[in-house]
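Here is a short briefing on a two-chain model. Keep the sequence and the 3D view open while you read.

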Amino acid sequence: MSVEGRKKALRELFAPTVDRLGYKFTPNDEDADFLLEQLANIEAETGVPYCPCQARSKDRAADMRMVCPCIPFHRKHYDAMRRCWCGLFVHKDVTDPDSLRQIPEGRVK
Amino acid sequence: MFVKALDAAEIAPGGMKAVTINGREIVICNHAGTFYAVERACGHAKARLERGALTGWILTCPLHYAQFDIRSGEALSGPAPKAPAGAHPDPRDPALKTVGLKTWPARLEGGAVFVDVQ
């Protein structure tokens, strides 16, 4: 098993899923590559591709809500940011992902 | 030497079927009209892979969800973790390593799929 092979597989598996949700991979290839590598490493360690930018707890149900792509569990929050929390996925119409900022969930109206 | 495995019409795109050729158990996969031949037994716990799922070129085992690249046989991921209340042994037990699948050349000719089983 190689990290590079897993990164390509995650791209293949995630692309159709996020497409149906109105999202796409960030056009910033360097960020996408870095985040996919983190996902592959976390999956190799835990068996599950948890979001690399969210803290896991000991509550399995809560942790399952951050398995990538976690968009369906945070729809209102991510739609407000037009990106997911780590930035691997952005709304389909986004061309400049660096202009998007993280907004804490509690501040989303 | 290439041997006829089955008629191409027997497997729709995205489908798989197990065949036995010269005593070898093989799964023929149809990925968008291109056929691939891989070992039937999963590289993790020997489950029958044709009962799994084919997503593009990624074959997912039905038993513990290990994944493989049908084009090269490379193991892409190991098994999913044990369920919290699961009564079965832990699929991620280090004693059960996940290895890649053996693959064989396959080609489509005259509406049939031929596999070179050496």
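Predicted model: local features only at pLDDT ≥ 70, side-chain atom pairs only at ≥ 80, totals over all residues.

Residues are numbered from 1 along each chain as its sequence is written, while chains are lettered from A and ligands numbered from 1 in the order in which they are written. Helices (H or I, at least four residues) and strands (E, at least two) are DSSP runs, numbered from the N terminus.

**Helix H1 of chain A**

- H1(A) covers residues 3-20, which makes 18 residues.
- From first C-alpha to last, H1(A) reaches 26 Å, close to the 26 Å expected at 1.5 Å a residue. The expected span is 1.5 Å times one less than the number of residues.
- H1(A) has a kink of about 35° at Phe14(A), shortly before the proline Pro16(A). The bend at a residue is the angle between axes fitted to the seven residues ending there and the seven starting there.
- Which residues of H1(A) are buried? They are Arg6(A), Ala9(A) and Leu10(A). Buried means that 20 or more other C-beta atoms lie within 10 Å of the residue's own; exposed means 12 or fewer, and partly exposed is in between, with C-beta atoms placed from the backbone.
- These buried residues pack against H2 (29-46) of chain A, together with S6 (58-60), S7 (67-69) and S8 (75-77) of chain B.
- After H1(A) comes Gly22(A), with a positive phi near 90°.

**Where the chains touch**

- In all, 16 residues of chain B are in contact with 11 residues of chain A. Contact means C-beta atoms, placed from the backbone, within 7 Å.
- On the side of chain B that touches chain A, S7 and S8 of chain B are the elements that give two or more residues.
- S8(B) gives the largest share of that side, 3 residues.
- By class, that side of chain B has 7 nonpolar, 6 polar and 3 charged residues. Ala, Val, Leu, Ile, Met, Phe, Trp, Tyr, Cys and Pro count as nonpolar, Asp, Glu, Lys and Arg as charged, and the others, Gly among them, as polar.

**The nonpolar core**

- The largest nonpolar core has 47 residues. Such a core is a set of buried Ala, Val, Leu, Ile, Met, Phe, Trp, Tyr and Cys residues joined through C-beta atoms within 7 Å.
- Residues with the most contacts inside this core include Ile28(B) and Val115(B).
- Ile28(B) touches, among others, Leu6(B), Phe35(B) and Val113(B), not counting residues up to four places away in sequence.

**Strand pairs in chain B**

- S1 (residues 2-7) and S11 run antiparallel, joined by 5 bridges. Strands pair if DSSP finds at least two bridges between them.
- Phe2(B) stands opposite Asp116(B) in S11(B).
- S10 (residues 106-109) and S11 pair in the antiparallel sense over 4 bridges. Arg107(B) has Phe114(B) as its bridge partner.
- S2 (residues 16-21) and S3 are antiparallel, with 6 bridges. Their hairpin has 2 residues between the strands, and Asn22(B) takes a positive phi near 50° there.
- S3 and S4 also run antiparallel, over 6 bridges. Here Cys29(B) stands opposite Tyr36(B).

**An exposed loop residue**

- Ala83(B) lies in the loop between S8 and S9 (103-104) of chain B.
- Why does Ala83(B) count as exposed? Because it has 11 C-beta neighbours inside 10 Å.

Key:
Contact = placed C-beta atoms within 7 Å.
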